[in-house]
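This report goes through one protein model, from overall confidence to individual residues. The sequence and structure come first.

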Amino acid sequence: MGSTEILEKETPGNLSNGTSSNVEAAKRLAKRLYHLDRFKRSDVAKHLGKNNEFSKLVAEEYLKFFDFTGMTLDQSLRYFFKAFSLVGETQERERVLIHFSNRYFYCNPDTIASQDGVHCLTCAIMLLNTDLHGHNIGKKMTCQEFIANLQGVNEGVDFSKDLLKALYNSIKNEKLEWAVDDEEKKKSPSESTEEKVNGTHPKTISRIGSTTNPFLDIPHDPNAAVYKSGFLARKIHADMDGKKTPRGKRGWKTFYAVLKGTVLYLQKDEYKPEKALSEEDLKNAVSVHHALASKATDYEKKPNVFKLKTADWRVLLFQTQSQEEMQGWINKINCVAAVFSAPPFPAAIGSQKKFSRPLLPATTTKLSQEEQLKSHESKLKQITTELAEHRSYPPDKKVKAKDVDEYKLKDHYLEFEVCCTQMLVNADF
């Protein structure tokens, strides 16, 4: 019996929320999830993260198996992550962390001011984990920056600096990791990919990336549609956050490019559906969620070059064989980004004192095309208004240079978002 069938047998649809029979069913399922009774580690988060009342009951009962009393937040996260694999849609993972935060606050009511404060700090730790241990990040966040990012978000006051320093050093010295299923431990990445491509697990979606942050990993779906393919020359112009790529790493390289789902795969050899992706192919893959493709008007050394700015503000240049081919890639990438990009989350860490970009989840949207278009239009209106308000209060000439830099950073972000969202609204849905 599959885990989905087990869940269906445990959750009769006609039970009203909160009835004693519903609670008992939640307790039974939570116990079996905790003891992995006919469930895999990768099944747990899927059941805890669903957005319905029964799953919330299951999550509440499941968390009761964990006693975080007297433990620090990072110790509790490590203890919690030993039990299961944090997999699933971005929203599902977010809900699991909310359940964790509620339980931690219940066990330690005097440590942090509120459940929201615990959750904010939990998200900050997850982002710090990515920053310190992720790949191709560039300059790592310092302890002072980590503390500054969290000013005023603990019910309007600051977290203890000693607490934040201890959390920073803990994550810096040992990255957060979660458990995986035993069968996955035995497989190499290439074996796992080949199995998926050959149809052994046709519905499985693996992740491309460091896997240190559940929100930002790129989904690799072997069954996704192919929207465009062809040869492209690539030049890396800027790394994450727009930091200039070192000169030795900026050279042009030619790839066979395949826009499959929301991922642009850059392969050394021509695309063959039956061929497994190599580790190098996965390393070169670029997610186009919340990305913007446009003609590289400021690059004149080569003809037919377009620019791709990604959600994390990397900048890649691509050269095509003709003007028509360049425009075809621009149109197709922007269309995929428009149709499939999930709505952004508010910034997990930040305050009015320091600008922080929102999280742009890599998973595909659950909205219909009509709802997606309305979402883009609403965001365009909101971001345009925010840009106008921002520019109506420029910094005084006497303010600190750091404050001026913060103003410019936010201005650059808002201006780009207006341009990007306008392109998404105008994309051919």
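## Confidence

pLDDT is the predictor's confidence in each residue, on a scale from 0 to 100. The model described here is predicted. Its protein chain has a mean pLDDT of 79, and 79% of the residues reach 70 or more.

## Overall make-up

The protein chain contains 15 helices and nine strands. Of its 429 residues, 47% are buried. The exposed surface comes to about 22,100 Å², with carbon and sulfur atoms supplying 49% of that area.

Contacts across the sequence were also counted. Among those in the protein chain with a separation of 6 or more, 63% join residues 24 or more positions apart.

## Nonpolar cores

The largest nonpolar core has 51 residues. Tyr-62, Phe-80, Phe-81 and Phe-84 have the most contacts inside this core. Elements giving two or more residues to the core are helix H2 (20–34), H3, helix H4 (53–63), helix H5 (73–81), helix H6 (90–107), helix H7 (115–133), helix H8 (143–149) and H9. H7 provides the largest share, eight residues.

Once neighbours within four places in sequence are set aside, Phe-81 is in contact with Leu-86, Leu-97, Met-126, Leu-176, Glu-177, Trp-178 and Ala-179. Another core, of 19 residues, lies apart from the largest one; Leu-264, Val-288, Ala-293 and Phe-318 are among its members.

## Helix H3

How many of the eight residues of helix H3 are buried? Six are, so this helix, spanning residues 41–48, is largely enclosed by the rest of the structure. The buried positions in H3 are Ser-42, Asp-43, Val-44, Ala-45, His-47 and Leu-48.

## Ser-170 in helix H9

Helix H9 covers residues 161–173 and includes Ser-170. Is Ser-170 buried or exposed? The relative accessible area of Ser-170 is 17%. Buried means under 20%, so Ser-170 counts as buried.

Which residues does Ser-170 contact, leaving aside its neighbours within four places in sequence? Ser-170 is in contact with Asp-74 and Arg-78.

Conventions:
Residues numbered from 1 in each chain as written. Predicted model: local features only at pLDDT ≥ 70, side-chain atom pairs only at ≥ 80, totals over all residues. Heavy atoms only, no water. Buried < 20%, exposed > 50% of the residue type's maximum accessible area, 1.4 Å probe, protein only. Helix = DSSP H or I, 4+ residues; strand = E, 2+ residues; numbered from the N terminus. Contact = heavy atoms within 4.5 Å. Areas by Shrake-Rupley, 256 points an atom, 1.4 Å probe, with all protein chains shown as cover. Core = buried A, V, L, I, M, F, W, Y, C linked by side-chain atoms within 4.5 Å.
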